[in-house]
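Some notes for a colleague opening this structure follow. They go point by point, beginning with the terms.

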Amino acid sequence: MADKIRLGLIGASVGGTWSSRSHLPALRASSEVELAAVCTTRADSAEAARQAWGARLAFDDYRQMIASPEIDAVAVVVRVPSHYAPTKAALEAGKHVYCEWPLGRTTAEAVELAALAEAGGLVTAVGLQARVNPVLMHMRELVEAGFVGEVMAVHVSLMREGVLSRPSHRTWQRDAELGANTLTIANGHTVDAMRFVAGDFARLSAVVATQAKQWLDTGANTWLDVTSPDNVLTSGRLANGAVASAHIGAIPFAGSGYRMEIYGRDGTLVASGEDSPQLSEVALHGAKGGNTLAAIPVPARFTLAAPGTPSGEAMNVGQMYTLFARAIRDGHSRQPTFATAVELHLLVDAIKQASENGREVRIG
């Protein structure tokens, strides 16, 4: 294997997309992963991305890129409905894969992809980047070390403004069947971060609602009908006995951002930020045996991304690429994998089921 893991990225662009804001800047800074190839659906845009980001190869057909002997691993950074086909093709070609979350449009797709990766002995990563946010990694360690003692209560919230309108290139998300909405993405990331730090749900009740039943397409200046949920409330008990609640909402104006509160018999921990922890920096505060929260510094050992990785959206993606590359080399996965993704798909299904049936659902 080459000195660096040679990666081909499907869904590259010069600017304006998730890949150009996060994956591509992280890869440009990486000391462990080389951006060997980029792929888009057009030869001209692929060549433009190659030149912009310094890749050696450009493709307009992901099948050709996956077949290249110059590629060790593949990143799938396209819209959710298009995750399945290139991920499956890469796994069948014996390539390691980093796919963004959700892993599939449906849980069945995710289960199939995870089984295929396991059968092939391949390393996988799924874009649940909150799990590699340095603050949440430290927060998890503090909980495990007993900073708060017995965990008694957990509350998580993420409230984002802007639910009433979308630019034209994002109005496709209004269709719940396409798998990219508040329930799957914002709720998925946020509840998974809680699971990572505080523990899994043992049973839960939920309300999943579509409060804004139309969006304004700001490009076409037309109103569109919406089936995608925009508010998700989940409550229940964790496996460790703590009571837990989460409210993830897309609301019209002045969203309050992100907050995760963990209350224990011996202390309290609070992580907060302007946006969800897979996207942005969060701050950590704590109180032990008292009622005054104080800032808690995060040890440098939790920063894994290469020096020069931009802050913000690229940082946690850089963290993930470091762990992905190391797992390919030593076989020890410390990053969220396709198996992690399947667990979260099943939890999202349980939240939806609890809301539809109006009854508590037991997990596991």
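1. A nonpolar core is a set of buried Ala, Val, Leu, Ile, Met, Phe, Trp, Tyr and Cys residues joined through side-chain atoms within 4.5 Å, where buried means under 20% relative accessible area (1.4 Å probe, protein chains only). The model is predicted: local features need pLDDT of at least 70 and side-chain atom pairs pLDDT 80 or more, while totals for chains, interfaces and linings use all residues. Residues are numbered from 1 along each chain as its sequence is written, and side-chain values use heavy atoms, without hydrogens and water.

2. The largest nonpolar core has 103 residues, and Leu-9, Leu-136, Ile-262, Tyr-321 and Phe-338 have the most contacts inside it. Helix 9 (residues 338-357) gives the largest share of this core, nine residues. Helices here are DSSP runs (H or I, at least four residues) and strands likewise (E, at least two), numbered from the N terminus.

3. Two aromatic pairs are counted, a pair being rings of Phe, Tyr or Trp (its six-membered ring) with centres within 6.5 Å. In one of them, the rings of Tyr-98 and Phe-324 have centres 6.0 Å apart and planes at 70 degrees, so the pair is edge-to-face (planes over 60 degrees apart). Tyr-98 lies in strand 5 (residues 96-99) and Phe-324 in helix 8 (residues 313-330), so the pair ties together parts 226 residues apart in sequence.

4. Tyr-98 is buried, at 0% relative accessible area, and Phe-324 is buried at 1%.

Technical notes. Buried < 20%, exposed > 50% of the residue type's maximum accessible area, 1.4 Å probe, protein only. Phe/Tyr/Trp six-rings, centres within 6.5 Å; stacked < 30°, edge-to-face > 60°.
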